[in-house]
Amino acid sequence: MTRPLHLNLYINGCGHHAAAWRHPLSSVEQLGSIAYFEGLAQTAERGLFDAVFFADGQAIGPVADGPGGFLEPITALAAMSRATTHIGLVTTVSSTFYTPFHAARLLASLDHISDGRVGWNVVTSMWDAEARNHGLERMPTHAERYDRADEFVQVVLALWDSWADEALHYDRAGRFADPAGVRSIDHVGEFFRVDGPLTVPRPPQGNPVLFQAGASDPGRALAARRAEAVYAVAADLPSAQEYYRDLKHRILQTGRQADAVPILPGLVTYVGSTEAEALAKQRELDELLPAADSLRQLAQFIGQDCSAWELDDPMPSLVPLGEFTGPQGRYATILQICSTVAGHAGGRLSVRQLLGRLAAGGGHATMVGTPEQIADEMIRWVDERGADGFNLMPPTLPTGVDDFVDHVVPVLQQRGVFRRQYAGRTLRSHLGLARPVGRAPLLPATRG
Ligand SMILES: Cc1cc2nc3c(=O)[nH]c(=O)nc-3n(C[C@H](O)[C@H](O)[C@H](O)COP(=O)(O)O)c2cc1C
């Protein structure tokens, strides 16, 4: 019997395909309009998704290539919470650039505003360009970023716990709040000094739900210790299973219940009433990619000149990973896509198809087909322990999420693996996570 699966909508501008904004019918002019994002959240809620999710960066790339950012996520989610009633609202907050007090306050406020629907994807950020928007020359080292993230999460949790659930009395003749229920945290650590208490009473969920998406060893270690749900990257089922096994094992080793932490790999879907129609949708987008730019980018990834390559020719053979001297991660993904994905009519993948795959989700899984084919493949990933659900990354928005909600969700429901109504109103409830009861003990005293 398949376990019920979780669905999260990863919202990204006009969609996750790098050329989505170039489509004549794209929503590119609406990226500054909150009505557009409210509509996306309403569609995901109609599809009974657990949550919508925004990634976040602190710098943008070349602006001619497409939208790299627009509305700040927490501000947008506050508005989107007012246009929806049940769906969870997950935002990214970087532990490298915020302070824990700032993060705890914003997220606690949003949890109150939304009546308990907030999740926090804690990231350590990646780019020097981001550091240079925050007073630093370059990013702190990977190890330092994760040490800071660890302390950051501890302090945020302590701040949310600085108000007891029952602290508010609203007693007009007596006390507004019980002073015994509100405490300072008096934290002095390696990175932060925070007295507390928080300026916001305890969030409705106790703590907003903590998500993590790190792939490195310290990233996985942080997820194992702290995450209540995990976003993952896996191009195919074997790599999803490897990650799933490793992370669930690490969670068990920290003394936590591994089943209680859903792992959600990213998933790009092209849905058609026939497989041919789905493939045509994919091809239409791939053809919008500016060829010269994409080939130039590919040349960087694989360390050879591809400017003379014909887009519709089969991909030339590439040297094995061990012989490649450039950055390994992306190259491994490219080799994996070339070796596991068949091209049209079962032949070798064309150059254009590889570029399209890289342009839509990169190393994330891609499923192209009818609603039944996609639903069955998703169920296989869950049955074979590669996933507990998916972080849906539609190549186009809003059409990609419309297709999924109207056609794939009903099949998942018929197969008995997806809810037909929300059982509760908080994100914790959708994810099957318990609400933290009472307050955690204070951090070990750090003051002299
Ligand atoms: C679905 C998903 C969303 C992510 N969103 C962000 C983001 O918004 N901002 C960011 O800086 N990193 C983001 N990341 C990257 C990771 O969380 C992590 O910071 C990065 O992988 C570097 O850590 P690592 O070395 O442990 O992998 C995301 C990763 C995934 C899989």
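This note goes through the fold, the domains, the core, the ligand shell and some backbone details of a predicted model.

1. **Basis.** The model is predicted: local features need pLDDT of at least 70, side-chain atom pairs count only at pLDDT 80 or more, and totals for chains, interfaces and linings use all residues. Numbering starts from 1 along each chain as its sequence is written.

2. **Overall shape.** Along the principal axes, the C-alpha atoms fill a box of roughly 75 × 50 × 45 Å.

3. **Secondary structure and contacts.** The protein chain has 14 helices and 11 strands. These are DSSP runs numbered from the N terminus: helices are H or I with at least four residues, strands are E with at least two. Of the contacts in the protein chain with a separation of 6 or more, 76% join residues 24 or more positions apart. Contact here means that the C-beta atoms of two residues, placed from the backbone, lie within 7 Å.

4. **Domains.** Domain 1 covers 6-272 + 370-431, and domain 2 covers 276-361. The bounds come from an automatic or database domain assignment. The C-alpha centres of domain 1 and domain 2 are 30 Å apart. Their contact takes 18 residues from domain 1 and 14 residues from domain 2. On the domain 1 side, nine residues are nonpolar, seven polar and two charged. The classes are as follows: Ala, Val, Leu, Ile, Met, Phe, Trp, Tyr, Cys and Pro are nonpolar; Asp, Glu, Lys and Arg are charged; the others, Gly among them, are polar.

5. **Burial and core.** Buried residues make up 43% of the 448 residues in the protein chain. Buried means 20 or more other C-beta atoms within 10 Å of the residue's own, exposed means 12 or fewer, and partly exposed lies in between; C-beta atoms are placed from the backbone. The largest nonpolar core has 113 residues, and Val 52, Phe 211 and Val 230 touch the most other members. Helix 5 (residues 142-160) gives the largest share of this core, 10 residues. Domain 1 and domain 2 each contribute at least three residues to this core. A nonpolar core is a set of buried Ala, Val, Leu, Ile, Met, Phe, Trp, Tyr and Cys residues joined through C-beta atoms within 7 Å. In soluble globular proteins, nonpolar side chains tend to be buried together.

6. **Val 230 and Ile 263.** Leaving out residues up to four places away in sequence, Val 230 touches Phe 211, Gln 212, Ala 213, Ala 223, Leu 247, Val 261, Ile 263 and Leu 264. Ile 263 sits in strand 9 (residues 263-271). Ile 263 counts as buried because it has 26 C-beta neighbours inside 10 Å. Ile 263 and Thr 340 are 77 residues apart in sequence and 23 Å apart in space, C-alpha to C-alpha.

7. **Leu 358.** Leu 358 belongs to helix 11 (residues 351-359). Leu 358 is buried because 20 other C-beta atoms lie within 10 Å. Its C-alpha atom is 8.0 Å from that of Ile 334, 24 residues apart along the chain.

8. **Ligand shell.** There are 18 residues around the ligand, and Ala 55, Ala 213, Gly 214, Ser 216 and Gly 219 come nearest. A residue is near a molecule if its C-beta atom, placed from the backbone, lies within 6 Å of it. The shell has seven nonpolar, 10 polar and one charged residues.

9. **Cis peptide bonds.** Most residues other than glycine have a negative phi, and most peptide bonds are trans. The bond from Gly 196 to Pro 197 is cis, with omega near -5°. Pro 197 lies in the loop between strand 6 (193-194) and strand 7 (209-212). Leu 397 and Pro 398 are also joined by a cis bond, with omega about 5°. Pro 398 is in the loop between strand 11 (389-392) and helix 13 (399-414).

10. **Positive phi.** Leu 48, not a glycine, has a positive phi near 60°. Leu 48 is in the loop between helix 1 (34-46) and strand 2 (51-54). With 19 other C-beta atoms within 10 Å, Leu 48 is partly exposed. Asp 186 has a positive phi of about 45°. Asp 186 lies in the loop between helix 5 and strand 5 (187-188). Asp 186 is partly exposed, with 15 C-beta neighbours inside 10 Å.
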